[in-house]
Amino acid sequence: MANVNRKFKLDRRTFLRGSGVCLGLPWLDAMVPAFGHFADIERTAPQRFAFMFAPNGMKMDDWTPKSKGKLGKLPFILKPLQDLRSEITVLSRLDLEGGQAQGDGPGDHARASASFLTSAHPKKTGGADIMNGVSIDQRLAEHMGQSTRFASLELGMERGRSAGNCDSGYSCAYTNNISWRSPTTPVAKETQPRAVFQRLFGDLDSAEGRAAQLERERRRQSVLDFALDDAKKLRSKLGAQDRAKLDDYFDAVRRLEKRLSAKPNDNKAAVSPPKNLLSGNGGGFENRLDLMYEVLTLALQSDSTRIATFMLGNAGSNRSYRFLGVASGHHVLSHHGEDPEALKKLAKISHFHIDAFFRFLRRLADIKEADTTLLRNSLILYGSGLAHSDHHHHRGLPLLVAGRARGRVKAGRHLVFKKGTPAANLYLSILKKAGAKDAQFGDSTGVLPSF
Amino acid sequence: MFRGLIFPCLLLMAGSLLGQADAPKPAAEASSSWSLDSGLEQFFGAHCNDCHSRPDPDAGLDLSSMKTWKDRDRVQRVIRWARRRVQGQEMPPPDTDQPRPAEKASFVAAANKMLRRMADEDPQGPGRVRVRRLSRYEFERTVVDILGVKSKLIESLPADDLGYGFDNIGGAMSFSLLHLEKFQALAEDLAERALRDEDPDNPARRRFVAADMTVVTGEPGMDSHANLFASATIGQIVKLPRDGEYLIRVQAWGDQAGDEAARLDVEIDNVGWRSFDVSATRNKAKIYEQRTKLKTGVNSITLGFNNDFYRPNHPDKNARDRNLHLQWMEIVGPLDAQDPTKAEAWLVDRKSNRPFKRRLKRLVRDMIARIWRRPATGSESNRLSKLILKEYEVSNNEVLSLRLGLQALLSSPHFLFRMEPGSLRGKKGRTYELSNFSLATRLSYFLWSMGPDAALLELAAKKKLSEPAVLTAQVDRMLKDQKSRALAENFAAQWLEIRNLDAATPDPERFAGFDDELKESMGQETIEFFDHILRQRRPVSELIDANYSLLNDRLAVHYGVKKDRAEGDANGFRRHEFSQGNRGGLLGQAAILVVTSNPTRTSPVKRGKWVLDNLLDAPPAAPPPGNDSFAGGEEGINSTASLRERLAKHREDPLCASCHVKMDALGFGFENYDVLGRWRTSDEGGIIDASAVLPNGSKLATPVDLKRIIAADPDLPLAIAKKLFVYAVGREAKPADVTRLEGSLAEKKASRSKPLNLRDLVMLVVTSDAFRLRRAARVKRN
């Protein structure tokens, strides 16, 4: 061993900046790639809002805490949240009138997802003339999405049916989406954690340097300009309905251009991908679910977005939770007809999901921001668009929120509202907490008292 | 009891399917005046209105007030439904006074007349189709057809939201920011794959200075070289454009000591590749090189020194320390010649002497015409030329410049959406013929799921395609072409719902052996079978009553008609005639039996519903909210016997019975097929009982009966034609459309003795007004 003093260690960050990203390679596991960077959260400590949709309703007696007020011992489904209950607010007796049939007959699953965040009554159509409302997340994105690279993030666990009918004469657009940018435009979701990570932070497989990436972006930009020019010319030649479709394209181009032209975040700290993300998508549904929550955590932590929705399953999902010892499909089970065996399994599925949700909250609670935590800066809704699974109604929904929206929520309580209170009142309250001046959301009648 | 079972059943079905509940709110134009045929009114009065009138009409269907209905579509649906009920002996209920045969006949005639009149007077005319985005399947086929390459990124597209059971319905297909991002990345990737920046005479050379490479193990010293004084490894990530042969070259020298030369160990993706004895010495560095296969995308290459030798006390100063010094590494290639891609053969000409700028003019026109499915306008050509030339100024590279042009064309709305311009012509409501180019595109996406080929574009340019004889001849040409397999892969796979196979999760503990190969074989069987019926112009009814199917060995074993699989035969599908009549035709095909089962058991309800939805165009209404489960739940059901019991019980509830009598009966006909579609005669609950009675009294006990009943159903061809219509036109089939289809079907049937085949149905759709015409849209200038 000669010349020891001549040796020096390469600064890994320098290396990575030079040669781009290196992943999927065991010998580089220790390295932290420079995908994205945490912004100066210390200073800004922004509010974050996220909305989780659980399909097929709930076994309500295992969800609803026994008494009002301060949360004590939580019921079976919510039990995983016991240690975090000081950050939880359970909201009982909120209704989604938009989800009710209102003379449209069957199709409660489609209505549950479509109205969940819009509080609108979706038009019953197989596809000819889709009409719903704007969802709360998209309204928030409009209000506060400009300051982040992604105005909002839409996630899910299931792509959606690929044949047949989704629900009783409703187009699958209603069962597969909870985010609606306009009454006619659902926002498509991403279902692979790895793809979400790449979208947020960069190409995992790319060995490109920064220069090559900039070059790529320049080319993309000129392609966008070209497409935009086309769209403009085309627009004047189309009828109103077709024009609306094209406007969706237009709108997307403008937003993408804005993102491309935005300056990258300050280099405060590098974001590294969750471990399992590298080894493919690792294992089954449980792992993918956890990974998705992890990537969502990174998205919020890095201030890439402040708004997110997450469909834990599409409306009417018939997933078989075999790893829980539940072989029957979730949807089939939800039609339990009060069979105790079925109810037990149904609760088990919900419990599993709350457990995963807890791990997500735990992570947020562990991330320090200024003198508080990411969780306390956030408001995260969790719930279903159906209440009692088998009755398929949309009144008295299972809903809870976690976090405090930066001190705007007194958490740790079980709030029971007056019968007939619209869920839209919750959304109006959320808008208020976000600093928006909206006087109305969906069918709201006011803000929630004491929330 | 009988009445309790059957009576509300039929009415409720009609009611919830056709009543206010499901009917779309009448559009202003759909509510124009109409008058009820007196024959119908009479019949309703004599046989229906007893129950179907206010104050409490059965099934909520008040026929006595039909005259006053504003919604024409609802009127037509109810009349069609009533006709079906009366013809099928299902209405009026068997235990009530029955109309005389002559009365029935005149009712049917009156219904026909009424439906025809309402279709003729339909203010919607051929209707309007909303602009359609290419579905994922269409996108992939289209680019493969044009460019000859695929991209894995296609997997990343969001799922296409279905409308009316298909993924190509304009109104249901959304476009959001995520779509744009994915389509952009796809366009980029496809353009790179289609036009490779490879010059065989001058392969790409990537040089990496060793001192800039990353340290993997050990502590090498980095100055102008990488100096590996002790065991150490440095590495480099190399991104390569494709799988192929590359030359790896390393310039190195060693401090030699001991009895062997310094050794350079090269690993590719963590696997030892080869070692070089680096006998070169300081100031006489040598290049060590060898060709090897490398893969597309990311390759990690490491250079290691593992035979360190250090004897500080050796008397010979030059024999004390063995070290390895690395200067650089080069990856050269790809070196193996490859056939040009379709796009390269089309656009790249390395031999040409004419300047790029001059050649470009023509190329740009060709590219737009082919990719945008219609001729370029002058300004479009100019803009594309400008884009490409600007890039050419920067890169001085023809391929890179054309690639950008390709990328731009593929990301454009003209490519991603099937525009049908001209919709502003004339007044609102005026009907006009689609342009020949729009027609060519509709036709090619209908039959091939891809853009029009040169022959279609040429006919369109000459404005000939819209001539009926030319159109018909083109349909026949296109059906003969292998590309029409898309009808099986795209249309049939959605129509028959076998696309849902991917999401099927039979419980592996109860139903072992459902692996990917079996799953794919199942889907393939149905596709091959449909393709066969289409190509061989077999009668439509043979879809159901065939005594054969197309099997590979895996399926033959699965069905129990063969003991073992032949060696190496996974993909060969051959016609197999079944000795017993049960199997054969769609109804015995595993793909269909799997997608209509629950994870833990078969579902006669789902199977019956599948038949009604897809084969008979009689979709049952969904259960009223809050009524769609068995009392006592599903969990206790683990055998057909207990299931049958449970189903029988829930048919006691008239509300459930209304639909389930027929649905369950059809479904029970399948009970001999288990969750995986295997034949069974017993299960845990004992002997399988597949017998049932249909509402009109016909009995069935085996799949043979089921096949006979469905194959003979007069609604079968119309049901398929309707599905084809929705898929081809991209919108719902309205009652008037159905009446017109029915009329053309009847004409066709009457005009010849041979039974109808799928080609006839395709032709019917293509020649329909809805396919060739369009109603002008409202013009809103802003």
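These questions and answers cover chains A and B of a predicted model. Local features need pLDDT of at least 70, side-chain atom pairs count only at pLDDT 80 or more, and totals for chains, interfaces and linings use all residues. Residues are numbered from 1 along each chain as its sequence is written, with chains lettered from A and ligands numbered from 1 in the order in which they are written.

Me: How many helices and strands does chain B have?
Reply: Helices (H or I, at least four residues) and strands (E, at least two) are DSSP runs, numbered from the N terminus. Chain A has 14 helices and 12 strands. For chain B the count is 27 helices and 22 strands.

Me: What percentage of the residues of chain B count as buried?
Reply: A residue is buried if 20 or more other C-beta atoms lie within 10 Å of its own, exposed if 12 or fewer, and partly exposed in between; C-beta atoms are placed from the backbone. In chain A, 58% of 451 residues are buried. Chain B has 782 residues, and its buried share is 50%.

Me: How far apart are the end C-alpha atoms of helix α12 of chain B?
Reply: The expected span is 1.5 Å times one less than the number of residues. Helix α12(B) has 13 residues, 436-448, so it should span 18 Å. The model agrees, with the ends at 17 Å.

Me: Why is α12(B) described as largely enclosed by the rest of the structure?
Reply: The burial count decides this for α12(B). It is largely enclosed because the buried residues number 13 of the 13.

Me: Which residue just after α12(B) takes a positive phi?
Reply: The angle is about 55°. The residue is B:Ser449.
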